[in-house]
Amino acid sequence: MQDRLHDIFINKNNNMNDIKKTKYINPYLGGVLLGLVLIVAYYVSGRGLGASGAIKSTTVTIVDKLAPEYTQKAVFYQDFKKTHPQPMKNWLVFEMLGVLVGGLISGAIAGRLKFKVEHSPKITSKRRLIFALMGGILFGYGSQLGRGCTSGSALSGMAVLSLGGFLSMAAIFGTAFALAYFFRKNWI
Amino acid sequence: MGPLIVNDIISQNTNFLLAFLIGVGFGFVLEASGFSSSRKLAGVFYGYDTVVLKVFFTAAITGMLGLLFMSLFGWIDLNFIYVNPTYVTSTLVGGVIMGAGFIMGGFCPGTSFCAASIGKIDAMVFIGGLFIGVLIFTEGYPFWETMFNANYLGSPKLNEIFGWSQGFLTFIIILVALAMFWVGEWAEKKFPQEEY
Amino acid sequence: MGRKEISPGRVLIKKNQDMQLKNINPRILLALFVIPLGIIIAAVPENTTKQYKLTAQELLDEVQAGYQYITTDEVAEKLVQKDPSIQLIDVRNSDDYETYHLPGAINIPLSDILSDEYVDILDQGMRLNIFYSNGTVHSNEAWMITRQLGYENNYVLQGGLNYWVETIMSPEKPAITSSNDEFAKYDFRKAAGSAIYGGSVEVTEPAEQSSPLPEVKKKTKKKGVQGGC
């Protein structure tokens, strides 16, 4: 009986050559749970999840603190401050703090807490980090331009059937698939 | 009657507290599903691990069904929830750039936070990159301001484009998603990868 | 009890000492669950009932505070200035409306107030609708009904048509002992009356209204959430 339940809910990541078994939950279950979190967010706050907005708030706050005379003149900062008088007191900022805690708890329960650079054995850590940085820069820029990232625009947008959400989804994943070939050395 | 904040059933501060708790749930589910691993995330693009596909689309259809059913029972008023606006140019261009960032970095902002919380250094570097990327955007804002605001269509829903009801579109998407899951499982068998 | 090599999601069931593989693939489970739900949600028509937007207590508070009133003087001023933001609505029956109605007023008899053709007029955020009737009973009734439906921007003409006739159309000259205020009001009303109804009369400066335009209620209007990334 134990085994049966164990097998349904824990999707063992093993194929023909199984070595280490990392215990992640079944992805379909994960999806349903994530959908429920999304529904709660809409029910309580009238909005879906998000991530890149918190980065934007933090960046604006930091720049403002470090160089206030500059932000007086810059268009973006002025517009932002008009609509967000208290940038850090923002739904997304609180949510992202929660994400950190939630991830930590889950990782702790599953015994996955460990400082490491995760990379394919075929490349070096350094290479992985360089690409992570470049990827981050592109994603940071793209998320501002696209007014949302995969969580905020694609996922939450799709849940409310927004056209923008679907376009976002298609663009992100379509491009990633298209470019996958060129970066295959990093992953497989 | 939801959304709670709109009907003043909860205060703004409670809203923020709940945002935190929702975030905890979000982070927990992401990490438990394996989204704290960049190699799992990138796997969908090479076929060896389609967890992204499964979780993402299952979450989307759960969300769609949940919201529509709640509206049916009168538990939530869908007119007051945020539907993100559609600016065609910036969404597509931004999406392409994000796609490139995804395949290079192996993360998206939400998952990078979740991975960073369990100690993944590549995730932390990714987050650093995010800040730089946002900074580039805000600094050079006047250059792309026009593109950013171009082609604003309001907040149309996809079902309106096809002339369908929301429920019907949801049904179609469910079928599409299930089809993709089957393809995904096939791909995983076809492109296996050693332990990662 | 040997363990067979299993692929994800398979379940082992022990049956008669033999190991049999039974497939309760999570995908199938999910599909069995979501497809019926999807069919239901596609088939059932959407919920378009308008909920009551105010609790009884809120309505009571508003009624007692008298937020819904707008005075005849204010309306007169707006008519003089040809302010396009107001819409007078006569809630009496059509015969009374035909006999006499205020300039620019439209007729929505109280009995028809719930009809679909008037929804756009009554439920909007741009113009101030001002219900009036002979007195204030029916116009208040109209206001209560529309307010309960959550419509904003509807008001009641204080004193109704009767008061309007008394004050604007044929204002009574105040007694000599009256205050300056009274005289100012009288002047204003006479001027407004002639401006609205024509005829040449000595027009003194219309009294400066001490109170500004009636505020669309201080209560925060319920609006959608701002979200976004």
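Predicted model: local features only at pLDDT ≥ 70, side-chain atom pairs only at ≥ 80, totals over all residues.
Residues are numbered from 1 along each chain as its sequence is written, and chains are lettered from A and ligands numbered from 1 in the order in which they are written.

**Exercise 1. Secondary structure and burial**

Task: Determine which helices and strands make up chain A, chain B and chain C, and what percentage of each chain is buried.

Solution. 
Step 1. Helices (H or I, at least four residues) and strands (E, at least two) are taken as DSSP runs, numbered from the N terminus. Chain A then has ten helices and two strands, in the order α-β-β-α-α-α-α-α-α-α-α-α from its N terminus. Chain B has nine helices and zero strands, and its elements run α-α-α-α-α-α-α-α-α. Chain C has eight helices and seven strands.
Step 2. A residue is buried if 20 or more other C-beta atoms lie within 10 Å of its own, exposed if 12 or fewer, and partly exposed in between, with C-beta atoms placed from the backbone. Buried residues amount to 54% of the 188 residues of chain A, 60% of the 196 residues of chain B and 23% of the 229 residues of chain C.
Step 3. Two residues are in contact if their C-beta atoms, placed from the backbone, lie within 7 Å. Among contacts between residues at least 6 apart in sequence, those joining residues at least 24 apart make up 50% in chain A and 60% in chain C. In chain B, 67% of the contacts with a separation of 6 or more come from residues 24 or more positions apart.

**Exercise 2. The contact of chain B with chain A**

Task: State how many residues each chain brings to the contact, and which helix gives the most to the side of chain B.

Solution. 
Step 1. Chain B brings 113 residues and chain A brings 111 residues.
Step 2. On the side of chain B that touches chain A, helix α1 (residues 12-33) of chain B gives the most, with 18 residues.
Step 3. That side of chain B has 70 nonpolar, 35 polar and eight charged residues. Here Ala, Val, Leu, Ile, Met, Phe, Trp, Tyr, Cys and Pro count as nonpolar, Asp, Glu, Lys and Arg as charged, and the others, Gly among them, as polar.

**Exercise 3. The sheet of chain C**

Task: Give the order of the strands in the open sheet of chain C, and identify the edge strands.

Solution. 
Step 1. Two strands pair if DSSP finds at least two bridges between them. The open sheet has five strands in the order β3-β7-β6-β4-β5 (chain C), with parallel pairing.
Step 2. Its edge strands are β3 (69-70) and β5 (106-107) of chain C, each of which pairs on one side only.
Step 3. Two bridges link β3(C) to β7 (residues 154-157) of chain C, and C:Tyr69 has C:Val156 as its bridge partner in β7(C). Between β4(C) and β6(C) there are five bridges, with C:Leu128 in β6(C) as the partner of C:Ile86. Two bridges connect β4(C) to β5(C), where C:Ile106 in β5(C) stands opposite C:Ile89.
Step 4. Helix α6 (residues 137-148) of chain C lies across β6 (128-132) and β7 of chain C, at about 170° to β7(C). Axes are lines fitted to C-alpha atoms, for helices over the stretch in contact, and angles run from 0 to 180 degrees between N-to-C directions.

**Exercise 4. A helix pair in chain C**

Task: Describe how α3(C) and α8(C) pack, in terms of angle and axes.

Solution. 
Step 1. Helix α8 spans residues 180-197 of chain C, and its axis is 9 Å apart from that of α3(C), at an angle of about 45°.
Step 2. The two helices, α3(C) and α8(C), are therefore oblique to each other; angles under 35 degrees count as roughly parallel, over 145 as roughly antiparallel, 65 to 115 as roughly perpendicular and the rest as oblique.
Step 3. From α3(C), C:Asp73, C:Ala76, C:Glu77, C:Leu79 and C:Val80 meet C:Phe188, C:Arg189, C:Ala192, C:Ala195 and C:Ile196 of α8(C). By class, this contact has seven nonpolar, no polar and three charged residues.

**Exercise 5. Positive phi**

Task: Locate C:Lys82 and decide whether C:Lys82 is buried or exposed.

Solution. 
Step 1. C:Lys82 is in the loop between α3 (72-80) and β4 (86-90) of chain C. Its phi is near 55°, a positive value in a residue other than glycine.
Step 2. C:Lys82 is exposed, because 9 other C-beta atoms lie within 10 Å.
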